[in-house]
Amino acid sequence: MATEMVNTDQEGIDGVRMTWNVWPRTKVEASKCVIPIAASISPIRPHPDIPTLPYAPLRCKTCVAVLNPFCQVDYTAKIWICPFCFQRNHFPPQYAAISESNVPGELFSQYTTIQYSLPTTMVAASDGGGGAAAALSPPPVYVFVLDTCMIEEEMGFVKSALKRAIGLLPDNALIGFMSYGTQVHVHELGFSELSKVYIFRGSKEISKDQVLDQLGLGIAGRRTGPAAAGYPKGPVQNGFPNSGVNRFLLPASDCEYTLNSLLDELQSDQWPVPPGNRASRCTGVALSVAAGLLGACLPGTGARIIALVGGPCTEGPGTIVSKDLSEPARSHKDLDKDVAPFFQKAVKFYDHLAKQLVSQGHVLDLFASALDQVGVAEMKVAVERTGGLVVLAESFGHSVFKDSFKHLFEEGEQSLGLCFNGTLEINCSKDIKIQGILGPCTSLEKKGAAVADTVIGQGSTTAWKMCSVDKSTCLTVYFDISSSERSNPPGTLNPQLYLQFLTSYQNPDGQSLLRVTTVSRRWIDTVVASEELVQGFDQETAAVVMARLCSHKMELEEGFDATRWLDRNLIRLCSKFGEYRKDDPASFTLNPCFSLFPQFMFNLRRSQFVQVFNNSPDETAYFRMLLNRESISNAAVMIQPSLISYSFNSPPSPALLDVASIGADRILLLDSYFSVVIFHGMTIAQWRNMGYQNDPQHALFAQLLQAPHEDAQMIIRERFPVPRLVVCDQHGSQARFLLAKLNPSATYNNANEMAAGSDVIFTDDVSLQVFFEHLQRLAVQS
């Protein structure tokens, strides 16, 4: 069955992919597998076959796992046995009618993933019913925080993007608006007679309570007595009972006009900038104020702070670089040598902000557009912990920003499916421990028997908070096997292991849902020469899991040598699972289940995740955040790009990621996830420059030129953030976007062996062939 699934949709209904689909039973055997036991899960990925049940789930009274198809059921005695803790549970009265022929949905064998819509009546009953449902799901809130320290042209781009976004928001969505430069301006949209602004100094840190007091939203400003600021007492306004916060957060339908005219009048920051200095920009204070303002909302409100940042923070907390232009922003070298004076302090500030946002359940989205660094590396913790989105572009006029920003607010088929207030809980069979999760979430520090001693990422817990989760969000869970030979007396062993992922969240309409995925895999007693283990290895998932773990170690461990770590693990894997005679490299063969893995590792070693030289800390942080949150197939493209070749004599077909694939009469389409490159061979480029495509006799040539553009648009349309499109010609300056990703099988050393019309890469990097020869030699060493 597994092999049939591979061709269509590898994640299936469950949205789960594992490095190993058969698990070793003991810790010792697990260590022999080399690649960690991990699962990549897409908690709310849509699938047409997932049913939604209109009632609350039935839980085990001991371990609170949810009733699922793997439970043993005694229909006559109305009892079910939990596969996790073997507790016998009685069915409640509403299940009285069940029988072999009348099975409830959650026990159908094909519904290993099922969704429960938690009825609002359950929650509303305590509230006296009626209008409570409306108050229960407050509308989503968007607070736009706009940097005004930029040139007029950039201001124009960002204003038009904002106006378009506000027009796309649902009418009931609440909008707040803040602008900042040297100071922070909070605009009171509810006061439409004239523009009223609250100003905060940009140079000093400000607490949540101070923000609320200054905005008149503190305890004093919230009195619900007769003098409640002239607001009608009792009824709920905009889903917020009398908090006064509705002076700042208004429904889109009410404030669209006010906001548009405010944007028209808004100017670049007017504070003078002395020559040789950077503009004074207080990003940290602005985000603190935005988080404080949202703190006045009802708990459980889904809210996003959308920060539009045009340069580095140089003022107040969160500063990443001094105002003096002669001092450059920190580089990787500075961070390695610990000579980046602002870095640690800024990270600490954003870590504190992340904790505040997570406790409120709110999200920070970052849209950074600048030629210089803006501090993504420092803000990463706040964006990632809250599940926020991040887009890095060169200008607010660039399609990467414009199209991504528009995509954020689109509805229907194109929508990102942004959901709020998610929590993930994991139940697992005895002897399985959870080390932690890499990806956009925060540990809730919920201790339990399944918590491992070692921690990877967000660990020491069996529950995680996801302030924002969307249909493509993906998390990697790292497991540990705790049992030793002696802990299980023979005869008591269950051949199957079980994992259950429970994700509760609020969808964009405010509906509370619980998604339950229960998966089962086989245990095996020994990994040595186990055909079953080998057949259950997922190469793509393993490559991504290793890339995520390697990036994590590079950030965490001082002096970590990523290339050596990857090489050592690859050599161990090959000597463990390859077939060879000792000390005879020529005899080495690798089972097809492993044959793609070395190539993934070769490309990972050369990728921007491991080779940070030539990238700024901001770019590296950006690439790593996306690597950690995207699906396995997307992350695999980041590590090993895909290449398609277009030519007259054959239909579009996949090409080897090798310099030999370049031909004068070919067009290549490279998808490296962050950029999509259309590369024209020399001859094709000459014909195009002569205008052959406009001649009706050469309609075929026109079609050949058009085909890669259509395919590139398909890729771009489905992706967030929108990739950068590079159209280039052989020997042109932009060709570097393609050449940097290709295997250098032809370099200046062996240029004489080349085919006509192909290309060479000027590099001293080893080619895949040489890499593989070295690997064979080291794997067979006794």
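Select K78 to begin: at 24% relative accessibility this residue counts as partly exposed, a class that lies between buried (under 20% relative accessible area) and exposed (over 50%), with a 1.4 Å probe and protein chains only. The model is a predicted one, in which local features need pLDDT of at least 70, side-chain atom pairs count only at pLDDT 80 or more, and totals for chains, interfaces and linings use all residues. Residues are numbered from 1 along each chain as its sequence is written, and side-chain values use heavy atoms, with hydrogens and water left out.

K78 sits in the loop between β5 (72-74) and β6 (79-81), where strands (E, at least two residues) and helices (H or I, at least four) are DSSP runs numbered from the N terminus. Its phi is near 55 degrees, a positive value in a residue other than glycine. Most residues other than glycine have a negative phi, and most peptide bonds are trans.

Move on to D431, which also is not a glycine and has a positive phi of about 80 degrees. D431 belongs to the loop between β17 (419-428) and β18 (432-438), and with a relative accessible area of 13% it is buried.

For a peptide bond that is cis, select F720 and P721, where omega is near -5 degrees; P721 is in the loop between α20 (699-717) and β28 (724-729).

Next, select W23, which is among the residues with the most contacts inside the largest nonpolar core, a core of 142 residues. Such a core is a set of buried Ala, Val, Leu, Ile, Met, Phe, Trp, Tyr and Cys residues joined through side-chain atoms within 4.5 Å. Leaving aside neighbours within four places in sequence, W23 is in contact (heavy atoms within 4.5 Å) with residues including I37, I432, F479, L499 and W523. Apart from this core lies another, of 37 residues, among them A161, L259, F401 and F405.

Now show helix α15 (residues 562-577) together with helix α16 (residues 597-606), which pack at an angle of about 175 degrees with their axes 10 Å apart. Here the axes are lines fitted to C-alpha atoms over the stretch in contact, and angles run from 0 to 180 degrees between N-to-C directions. The two helices, α15 and α16, are therefore roughly antiparallel, a term for angles over 145 degrees. To see the contact, select T563, L566, D567, L570 and L573 of α15, and F597, P598, M601, L604 and R605 of α16.

Staying in helix α15, pick N569, which is buried, with a relative accessible area of 10%. Leaving aside neighbours within four places in sequence, N569 is in contact with V34 and M546.

How many disulfides does the model have? With a disulfide taken as a pair of cysteine sulfur atoms within 2.5 Å, the count comes to zero. Select C419 to check: the nearest cysteine sulfur, that of C467, is 13 Å away, and C419 counts as buried at 5% relative accessibility. For C474, the closest cysteine sulfur is in C441, at 11 Å, too far for a bond; C474 is buried too, with a relative accessible area of 1%.

Finish with N102, in the loop between β7 (88-90) and β8 (113-117), which counts as partly exposed at 39% relative accessibility.

Notes
Parallel < 35°, antiparallel > 145°, perpendicular 65-115°, else oblique.
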